[in-house]
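Me: I would like to learn how to read a few features of a protein model, step by step. Could you give me the general idea each time, and then the case in this structure?

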Amino acid sequence: MMKKLLTIKWRLTILVFFLVILFNSCNSGKTKLKIAASNSATSNYSTAQVLQKELSENTNIQLEILENQTSTKSNIHAVIEGKADLGIIQNTIYFDEVQIDDAILNQNIRTILPLFNQVLFIIYDEKYHHDNLKELIKGKRVGLGLEEGGDAWIVKKIFHYLGIDEQDYIPVYTDYDKNIVNEDIDISCSVTSYNSERIRKMMTNENLKIFSFDKTAIPDLEGNAIRGMAMKNSTLKEFIIPKYMFGNYPSEPILTVSTQVVMIANKSLDEEIAYQIA
């Protein structure tokens, strides 16, 4: 985990460096930038806070985090519409689902920098255990976060790839911080940082387990279920949660899905600097 945190810190340091160059190169004298990073319960927002602190302490750039952003889609819209200079988004999203013309997307946004991976956690009470995901969630109340949020979008896509329809389970939509296994949610599905405090708190309950897509494929990943999904969506990758990641759990590695989080920018930012950052 320390290595992962250092990697994120290193990438953010590089980003801060180039933002300093950007600020010094702009003729507008602009001292403030805005970033769209979903809401305060997400790892995207936490990353924006780290970046905000780094800029505040090391430069004369003030970074404002937009409030009331709900998802990757809303972050993209904020950047395109000029409400934000920067945005943090999940790379999994299909841009045609943002309901914005490709020409407008190409004219208004560019990818700046990959930041870190987010991991799919399917957490359930062990009394429901099943090695088949469709059978595990069949008839269960499944927490998906916000209805228009990135978690719900990605999880539903993964379910679709595996032949799971929405009528097979009962979707439960909540704020991100309330997407936990409790009396209202049988199975919690989240796409977040693997050091998420919410995930860690859930895993202190010895009755809760994390679904593994293919135990027999570890450590040999050839032919596992995620490879099949990746053929339909190349942004989905395997991720192995190592033994004892959460104290005494898991006792064996867990195979799940990861997707990349990236930084985007409005094209009104200096093009040369944007290419340097990329």
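Reply: Let us begin with strands: helices (H or I, at least four residues) and strands (E, at least two) are DSSP runs, numbered from the N terminus, and two strands pair if DSSP finds at least two bridges between them. The model is a predicted one, in which local features need pLDDT of at least 70 and side-chain atom pairs count only at pLDDT 80 or more, while totals for chains, interfaces and linings use all residues. Residues are numbered from 1 along each chain as its sequence is written, and side-chain values use heavy atoms, with hydrogens and water left out.

Me: Which residue in β10 is the bridge partner of Phe116?

Reply: The partner of Phe116 is Val261, and the strands concerned, β4 and β10 (residues 254–266), pair in the antiparallel sense over nine bridges. β4 also pairs with β7 in the antiparallel sense, over six bridges, where Val119 stands opposite Thr192. Three bridges join β4 to β8 (residues 208–210), again antiparallel, and there Asp125 stands opposite Leu208.

Me: How many of the 17 residues of β4 are buried?

Reply: A residue is buried at under 20% relative accessible area, exposed at over 50%, and partly exposed in between, with a 1.4 Å probe and protein chains only. In β4 (residues 109–125), 14 of the 17 residues are buried, so this strand is largely enclosed by the rest of the structure.

Me: How do I read a pair of aromatic rings?

Reply: Rings of Phe, Tyr and Trp (its six-membered ring) pair if their centres lie within 6.5 Å; planes under 30 degrees apart count as stacked, over 60 as edge-to-face and the rest as tilted. By this rule there are four aromatic pairs. One of them, Tyr194 with Phe239, is tilted, with 5.9 Å from centre to centre and 35 degrees between the planes. That pair links distant parts of the chain, since Tyr194 lies in the loop between β7 and α7 (197–202) and Phe239 in strand β9 (residues 237–241), 45 residues apart. Both Tyr194 and Phe239 are buried. The rings of Phe211 and Phe213 have centres 5.3 Å apart and planes at 80 degrees, so that pair is edge-to-face, and both Phe211 and Phe213 are buried.

Me: How does the span of α2 agree with what its 16 residues should give?

Reply: The expected span of a helix is 1.5 Å times one less than its number of residues. For the 16 residues of α2 that should be 22 Å, and the end C-alpha atoms are 23 Å apart, which agrees.
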